[in-house]
Amino acid sequence: MHHGDEVQDYRRELELAEGISRVAYTVQGVRYIRESYVSYPENCMVMVLRTEDGTAFSFDCLLGRCHNATDEVEKVDEHTICFTVDGGQEGISFAAALCAKAVGGFVRVIGEHLLVRDVREAYLYLDIETSFREADYRKVCLDRIRAAAVKEEADIRAVHKEDFGSVFNRLALSFDLTDADLEQIPTDERLRRVQAGERDMGLMELYFQYGRYLLMSSSRKGSLPANLQGIWNDKLYPVWESKFTININTEMNYWIAGSGNLSECQLPLFDLLERVKESGKETAQKMYGCRGSVAHHNTDLYGDTAPQDHCITSTFWVMGEAWLATHIWEHYLYTGDEAFLREHFDVLEQCVTFFYDFLIEDEEGNLVTSPSMSPENTYERADGTYGVLCESAVMDTEILMELFSCYINACRVLTLDEEKARKAACVMERFPKLKIGRHGQLMEWMEDYAEPEPGHRHISHVYGVYPGSSISYEKTGELMDAAKVTLERRLANGGGHTGWSRAWIIGLWAHFREGRKAYENLQAILTMGTYPNLMDNHPLGEHDYVFQIDGNLGASAAVLEMLAYSRPDRLELLPAVTAETAGGRLRGMGLRSGGTLDMEWKDGKVLWYRIVPGRDTELVICVNGKTEEVKLQDGVEYCGK
């Protein structure tokens with residue numbers, strides 16, 4: 001477009017609440033502006049190009065990809081080109097189509113190029129459709145961009161902003177110590193200031209909301225769930241294949257969905273889970289001779305459930321689908337949607353049924369998983385040799401406690417045969433008891449092994465503290481103390497060196513009511529684990545990094561855990577407040593008791609709070625050192641101090 005001319009005054013911005021990105025720069029005295037957004041209502045991407053003073057400009061467009069130079073672009077009409085790839089019998093075919101409109105000048109297709117000449121303003125419409133969802137993917141692709149192109153761009157933009165903002169603006173968070181003057185400084189510079197030790201609570205707010213933006217943009221109804229890189233992977237052969245890793249990463253992507261008031265963004269995960277369930281039935285029968293359904297530590301868009309790759313420390317782990325299934329109950333808690341719960345109840349039941357068959361009795365009469373492992377970790381035996389396989393790693397037991405509890409509660413909400421719930425409760429009573437080890441720590445395995453890597457990135461055995469609910473100060477204070485020792489030992493030995501691990505640590509410290517340590521780790525993820533554009537950077541080898549979305553999404557969820565600890569029957573306000581977060585305002589946080597929470601606080605004390613319940617319920621509310629029991633009525637505001 002500019003043929004090597006010097007670019008000046010370059011500015012790039014993203015309006016989170018509108019879902020619109022902008023680029024502006026000056027070349028030879030002319031200010032060029034480019035705006036882009038993906039319209040969910042229109043199912044296509046829109047780009048607007050113009051100059052600030054109306055100066056005419058020209059450019060060329062060509063569709064292609066770096067992975068295969070033999071793919072061809074075809075002319076559809078004088079304004080449209082289309083790029084089609086045949087995936088064959090085993091692959092996915094797709095079409096990408098681009099249409100251009102302009103004010104002034106002309107648009108023409110010559111060969112494979114879309115030429116835009118001497119225009120004052122240009123509009124580009126891009127869509128990509130695949131054979132995974134559409135049989136006639138090329139036609140659907142062309143129909144969608146044509147439908148958008150005949151409309152006024154201003155109308156498309158207005159509908160897009162209304163759609164995007166109606167979801168994003170449900171939740172607002174601000175801290176009293178936010179410095180408005182810093183809002184004029186570019187984000188990368190603000191991040192460098194924080195990395196140099198300065199405080200910027202406005203950047204914290206931005207980072208939190210950026211996580212919500214990332215989930216909204218990569219997981220809405222009708223899409224695939226957010227994988228390791230969300231929709232921002234740009235490689236045909238990405239790191240870890242950009243799959244759905246289900247021994248922490250995919251689950252962490254959705255911890256922000258309920259509390260962040262984005263529950264519908266989790267719907268693609270349940271679509272995938274239904275495919276996992278069907279595939280998992282075959283895996284359960286062929287691999288283990290069991291009924292029900294099972295998945296291991298990875299899956300893909302087809303719902304593959306067989307063991308993946310050759311990494312012994314992660315491959316032979318049977319808890320992947322079980323963990324995902326607990327999100328069904330979580331979604332119900334936030335939404336109260338019984339129709340949803342009934343629709344997906346069979347996933348819970350198939351998982352429970354698998355463990356009815358898979359669990360075996362140990363010498364003490366406990367029902368244990370065998371074989372299994374603690375995800376990606378290794379233990380050291382007394383003779384100095386290392387091991388991986390075990391019976392009932394503690395995380396297995398904690399996930400099973402969560403799964404069976406979800407199943408029992410779902411049975412009763414749906415008024416199913418009480419025998420189903422009784423049977424599950426009887427099995428649940430025979431799970432191994434959690435133990436405390438020689439260091440006062442929560443044991444990771446049934447034996448108190450030493451660890452070759454005591455600062456390991458996974459902290460799987462404290463799952464019961466967070467995001468699980470089987471360990472808490474209210475129910476199991478001694479185990480909470482032991483889990484806290486576990487976390488301290490991990491960090492003392494270098495743990496938390498990946499973004500997702502650090503995000504998990506923030507949430508754990510919040511549940512331990514250690515606000516200072518939660519805040520320090522929130523600072524750490526910004527100073528050590530964040531790119532200049534605020535994306536999470538995951539270490540890849542000694543000197544390389546890759547974007548991995550779970551760090552962003554997990555950290556955003558953890559911020560809310562610091563401000564409100566929500567359970568179906570209990571709500572604790574400001575459990576992990578610090579000097580930096582001692583004052584602020586929150587509006588629209590989702591609650592596991594249903595409905596939303598608004599509140600304002602100052603000097604670490606709640607000034608007022610308001611709950612808009614989503615259903616009738618009884619709730620214990622802990623606020624400013626006092627506890628009260630209240631009865632809430634669906635849709636009737638409850639206000640307190």
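This is a predicted model: local features need pLDDT of at least 70, side-chain atom pairs count only at pLDDT 80 or more; totals for chains, interfaces and linings use all residues.
1. Two or more lining residues are given by each of α6 (255-259), α9 (320-335), α11 (394-413) and β21 (564-567). The largest share belongs to α9, which provides 7 residues.

2. Rolling a probe the size of a water molecule over the atoms shows where empty space is left. In this model the count is 3 cavities of 30 Å³ or more. The largest cavity has a volume of about 70 Å³.

3. Which residues line the largest cavity? They are F175, M201, M204, L522, V559, M562, L563 and T581. By class, this lining has 7 nonpolar residues, 1 polar residue and no charged residue. Two helices, α4 (201-218) and α16 (550-563), each contribute at least two residues to the lining. The largest share, 3 residues, is that of α16.

4. S392 deserves attention on several counts. This serine is placed in the loop between β18 (386-387) and α11. Is S392 buried or exposed? With a relative accessible area of 2%, S392 is buried, because a residue counts as buried under 20%.

5. The surroundings of S392 can be described in some detail. Leaving aside residues up to four places away in sequence, S392 touches L367, V368, T369, T397, P432 and M446. With one of these, T369, there is a polar approach: the backbone nitrogen of T369 lies 2.8 Å from a polar atom of the S392 side chain.

6. Two cis peptide bonds are to be noted. One runs from S370 to P371, with omega near 0 degrees; P371 is in the loop between β16 (367-368) and β17 (379-380). Another runs from Y466 to P467, with omega near 15 degrees. P467 is found in the loop between α12 (418-428) and α13 (477-492).

7. L574 also has a positive phi, about 55 degrees, although this residue is not a glycine. Its position is in the loop between β22 (570-573) and β23 (584-590). The relative accessibility of L574 is 10%, and the residue therefore counts as buried.

8. D598 is a charged residue by the classes given above, and its location may be of interest to the reader. D598 lies in strand β24 (residues 596-602). Is this aspartate buried or exposed? Its relative accessibility is 9%, so D598 counts as buried.

9. The contacts of D598, not counting residues up to four places away in sequence, are with L586, R587, G588, W608, Y609 and R610. Among these, G588 has its backbone nitrogen 2.8 Å from a polar atom of the D598 side chain. L571 is 27 residues from D598 in sequence, and the two C-alpha atoms are 13 Å apart in space.

10. How many disulfides does a search of the whole structure find? The search finds 0 disulfides. A disulfide is a covalent bond between the sulfur atoms of two cysteines.

How values were computed. Residues are numbered from 1 along each chain as its sequence is written. Side-chain values use heavy atoms; hydrogens and water are left out. Helices (H or I, at least four residues) and strands (E, at least two) are DSSP runs, numbered from the N terminus. Buried means under 20% relative accessible area, exposed over 50%, partly exposed in between (1.4 Å probe, protein chains only). Contact means heavy atoms within 4.5 Å. A polar contact is a pair of N or O atoms within 3.5 Å; within protein, one must be able to donate a hydrogen and the other to accept it, and residues adjacent in sequence count only if both atoms are side-chain atoms. A disulfide is a pair of cysteine sulfur atoms within 2.5 Å. On a 1 Å grid over the protein atoms alone, a cavity is a set of points where a 1.4 Å probe fits but cannot get out, and a pocket is an open set with protein on both sides within 12 Å along at least five of seven lines; lining residues have an atom within 4 Å of a point. Grid points are joined across faces, edges and corners, and a volume is the space filled by probe spheres set on the points.
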